[in-house]
Each structure stands twice: as structure tokens, then as C-alpha cells.
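Please read the following note alongside the coordinates. The points are meant to be checked one at a time.

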Amino acid sequence: MRSYTSVELLFIVYGVLFVTCDAFSTNEVWALKTFKEAIYEDPHLVLSNWNSLDADPCDWSGISCSVTRDHVIKINLSGLSLKGFLAPELGQITYLQELILHGNYLIGIIPKEFGMLKHLEVLDLGMNQITGPIPPEIGNLTNAVKINLQSNGLTGRLPPEFGNLKYLQELRLDRNRLQGTVPAGSSPDFTENIRGMYASSTNLTGLCRSSQLKVADFSYNFFVGSIPKCLGYLPSTSFQGNCLRNRDPKQRSTMLCGSTPPARTQSGGNPKHRPADDVSKHQAASKPSWLLALEIVTGTMVGSLFLIALLTAFQRCNSKPSLIIPWKKSASEKEHMTVFIEPEILKNVVRYGKQDLEVACEDFSNIIGSSPDSFVYKGNMKGGPEIAVISLCIKEEHWTGYLELYFQREVADLARLNHENTGKLLGYCRESAPFTRMLVFEYASNGTLYEHLHYGEGCQFSWTRRMKIILGIARGLKYLHTELEPAFTISELNSSSVYLTDDFSPKLVDFESWKSILSRSEKNSGTIGSQGAICILPNSLEARHQDVQGNVYSFGVLLLEIISGRPPYCKEKGDLVDWAKEYLEMPEVMSYVVDPEIKHFRYEDLEVICEVVSLCIQPEPSKRPSMQELSATLESKIDTSISIELKASSLAWAELALSS
């Protein structure tokens, strides 16, 4: 009998362990996996060991578990340059005590599901790019001690439900776009609006209820009204940069704040209004009956017309496509989550209709490029410039709210580029029937630099012309890296991303930046045949990430490609950088780097180019100079004047005549 009891107990223990493990894997691991899927850029590969097949996430980067290793209690992924969204599924991590995602590039909204984290003590989402309102459900985090939402793009009013956070000691909301008053207590302004939402009036409290609050920062928002007396102990800097009524010279100007509506006056509150009321009543009583009847009929007709117009406008508004986009499609394709799309993001970018682009691109038959993810068409706008149209190849059922918001952000980011050596985004196309997402660029008529270097045209490039192209690329990168805030980087900087105009002026075009969201896995490199050899264009993001130092490295490789005429990597000839290293620092053999098709070149220029290449391809990114320094070096030491070219070659006169 004892043996049966022992076996029975053993089965019970195994059953308990199994249930615990299963609960862990189906809830918390699933939530973490969903969060990872919502991150579309992880430059430091922090999430690379987040293996969804592993039922125990306690050893994953940034994850801390309870002593018994049965629950996740802390997520700390601060300062890792993560780009992505806040997955609502994080609200399923029931025992989470700290959620720290400070200092990343997270976009979208704060999910209301975060309000389910009853054990959460620290919520730090500061220094991101989160938009939309603060959900009132945050007021359900009754164990919260610290909430940091600073330096985002949060809008709307500050929920009075924050008063439920009785243990809150630190609240940072500075540098957002929050409006309205700072909720202090149960004022009539919001009591009536929320009365029906809660059974108990104890929830109808503002920040004055948070007796533990020691540190709070509301600065640089658009709060109006006055500073609540119960928060008077806070320093004045906690409220500067707003639209408050106090006489603080550090408040925003009236121009930035706009005019505020006058306060309502209750009936009977001002005796001066009473005579006017009495006069109007007296006049109405003294009017003839026929005039009174006419006024009633006229008023009824006007009211009816107004009501009809109001209903028509309401129906039209409802018929417009909503800005709420599916988070994802479930198995039944009926459940949806929402992603906040900022309506102002594309207000200054031209939106083209698909039909107009179809006419311009000859029924989309004029294909000038393609990849597994896109087609590139050439077209002519009626009465406008030549255009290059990039059409994203993705099915509507695979298009999520993440992709839509990323697409719009990418369009807005590309639209801010304005330099003679960068491609100009003319607009975009976004339609739902049929599903369409397109980018419209100004077309550079001479094709890509890659085509000229590797399709037999390279021999027609004189040394001076190559130097001019190098200087143009350097100027373009200098503009992108140092003259824009934030800096802009080319996702895949190589000779295929450099387009040439009629006069061979280079233009940097970032056609590939959106690919990081379309393909979560590593991209496949394209293949091009050249003289029987299969040469592969390496993906510049494989070993380096989308950053300034990565662009500098790619610029060095591009310089080698331009002066040597060889692709960055060739299956038969190997890696271009590895091949060139043995020549770069040896003056006696440096000339071997130059394309054999070039008969005349300036050795002084070659020395400068090799010096710059050596600096660019430094293994340690921090040791690579900025494009501002590199551009200055090239501009000061390379001479591209006509006299130099004529002096270098007896055939330069003929080439000059042909190119003019």
C-alpha cells in the first residue's frame, strides 16, 4: 500500500510541475515571443537568444524571474536602440514587477492591457517615440511606485485615474504634448464625465490623492489652468514650459499655447445678464401672433435642414476608412487589436492615386528593377518629371498595423531629404482596393552606378569623372549624417543605391529601408553575372547595422569599387576589401588597386582615396571618422578641374567634347 501511495505522490508532483511549466510556456513565453515579433530592428541582437521553443525564458537577455523560476518578474531592455511596438500581450505577464524599456525607438501607443499588470511597481517607457493618449487603465497599476513616460509624443489629457496610484513616488511626464489641466482632486470638471464608469466614487480622484508622490515632472507639455495647491511643494521647474496661468517667465508663449476658451458662467451667477434676459422676454411677449408663428415655422425649417446636414456629415465620416488598423489577424480573422496612426504624419507629402501612376508607368509594364519584395517602374507624369515607382509586393492579409505605421513613418522620413546628391521622394500611393503601397521618386536618367561599373560602361569613366562621383557621394552622406536631425542612414549603401543624372551627378536613393520590416529574417543577396563569374552583392547590414558607422564602412567599400571596377564580393575573386588591404598602405604597389581600363590617373588622388578607405574600414566602428571629416579631406585634396584632366590625358579633349 505504501508503494502505491509513493507512486501516487510522485505522479502528483510531476503533474504539478507539468502544469506550472505549461502555464509558463503558454502565457508568459507567448507574450514575450509576441513582443519580440513586434520589434523590427534589434541592432545589438539582444533578442537573438529569445528562443520561442524554450519553455524557460529566465536565461533570455533582459529577463529576470522569480526565485522559483516559474514567473517573469522583470523586463529590462533599456538603451538598446530597439525599434518596434509595445505588444499588448505583455499585459499577460501577470506577476511582472518592472517593465523598463527606456531609451529606445519604440513607436505606436501604450496598450491599455498594461493596466492588467497588478503587481507592476516600475513602468519606464521614457525616451522613446510613443504617441497617442495615456490610457486611463494605467490607473489600475495600484502597486506602481515609479512611472516614467518622459520624452515621447503623448497627447490628450492626463487621466485623473492616476489618483488611484496611492504608492506612487515618482512620476515623469515631461517633454510630451499632453493637454488639459493637471488633475488634482474630485473637481466637477471630470467627475460628471466619469461618474457612470465606476461604481464607487473613490476612483474619482486626482494626483492630490497620491500622498507618497515625492518626484513629479510635468514640464514642456501644454497643460493649462493653474498648479494644484497640493502639488505646491514641487519645484517650479516641474511645471515650466506649459501654458499655465502662473507668472512664470518660463511658460510657453501665447502664440504656442493658442487662445483658451473662456470659463463658463452659471445661470444667475452674473446679475448684469438678467436685464437682458428680461428685455428679450418682454419683446417676445409684445410681438404679433402672425410674426411669432412665422418665426416658429422658419425656426423649425432651419432646424430640420441643420439636422439633415448633421446626419449626412456623420454618415460620410463613418464611411471613411478608419485610422485604426488591425494589429494582426487571428486564426478566425475576427479579433483585432488597434494601432494608433498619427493623422498629421503625412500631411505635407503628396499622395498619388494608383490610376495616375498606372497611366504614367504605361500600365506598369515599364519595369526597370525587381526583387522578391518589390518592383521598380519607370514613368512620366503628365506635365511633370520622370519618376521611379517602387511597388511593395505584399498581400493584404499579411499587412499589419505594424507595417502600416512603419510605412507611413518611412515615407515621412524620406520626404524630409532635400539635397542635390540625394534622391527626391515626390510622394506615395496608399490604397485599399486593390491593396497598394508605393513610393514615388524622381528618376535619375543614367541608371545606377553599378550598371556603369560592371556592365562594360566603366571603361568610359575617366578618372576625373570617378572623382566627381566620389565627391558627390561624400557630400550627400555628409548632409544625411550631420545636417539632418535625427541623422538619416542609407540601409544598403552600395553602387546600386547610387543613381546618376544626365551629367553623371550622383544621387543616393534609399529604396531598401522598408525591407527590414517586410522580412524579419536575413535578406538574400542578389546575383549578377559578369564575364562568366557569379558575383554576389553582399548585404551591407549583415555584419553592420543601420547606423552612421555602418554607412562610413560602406562608403570605404564603395570607393574601392569605384576606383577598381570590381564588385564588393565575387565568388571567384573573393572579398574586395580583403584583396585591397595588401595594396592600400604600400605606395609601390598602390596603383594595382586602380581599374586596368583607366589609362590615366593622378597618383596624388589615389593616395588620398586609399587613405580615406583605410580609415573607413577600421574594424572598430568608434575609430572611423565622420563623413564631415572625410568629405573635407576629399574636397581639399582632390582636384577635379578641367585643366587637370586635360593635362593628364591627350585624349581628354575628345572625351570632353563627347560629354558636353
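Predicted model: local features only at pLDDT ≥ 70, side-chain atom pairs only at ≥ 80, totals over all residues.

1. Residues are numbered from 1 along each chain as its sequence is written, and side-chain values use heavy atoms, with hydrogens and water left out.

2. A pair of aromatic rings is described by the distance of the centres and the angle of the planes. Rings of Phe, Tyr and Trp (its six-membered ring) pair if their centres lie within 6.5 Å, and planes under 30 degrees apart count as stacked, over 60 as edge-to-face and the rest as tilted; the count by this rule is 13 aromatic pairs. Phenylalanine 218 and phenylalanine 223 make an edge-to-face pair, because their planes stand at 80°, with ring centres 6.2 Å apart, and both residues are buried.

3. Tryptophan 463 forms a tilted pair with phenylalanine 601, at 5.5 Å centre to centre and 45° between the planes. This pair links distant parts of the chain, 138 residues apart, since tryptophan 463 belongs to helix α9 (residues 463-482) and phenylalanine 601 to the loop between α12 and α13 (603-616); helices here are DSSP runs (H or I, at least four residues), as strands are (E, at least two), numbered from the N terminus. Phenylalanine 601, at 28% relative accessibility, counts as partly exposed.

4. The charged end of arginine 252 is 4.0 Å from the centre of the ring of phenylalanine 222, and arginine 566 lies over the face of tryptophan 579, 4.1 Å from the ring centre.

5. Leucine 584, in helix α12 (residues 576-584), is buried at a relative accessible area of 6%. Leaving aside neighbours within four places in sequence, its contacts (heavy atoms within 4.5 Å) include Leu560, Met590 and Ser614. Leucine 584 and serine 614 are 30 residues apart in sequence, and their C-alpha atoms are 7.1 Å apart.

6. Threonine 422 lies in the loop between α7 (401-415) and β20 (425-432), and is buried, with a relative accessible area of 2%.

How values were computed. Buried < 20%, exposed > 50% of the residue type's maximum accessible area, 1.4 Å probe, protein only. Lys NZ or Arg CZ within 6 Å of the ring centre and 35° of its normal.
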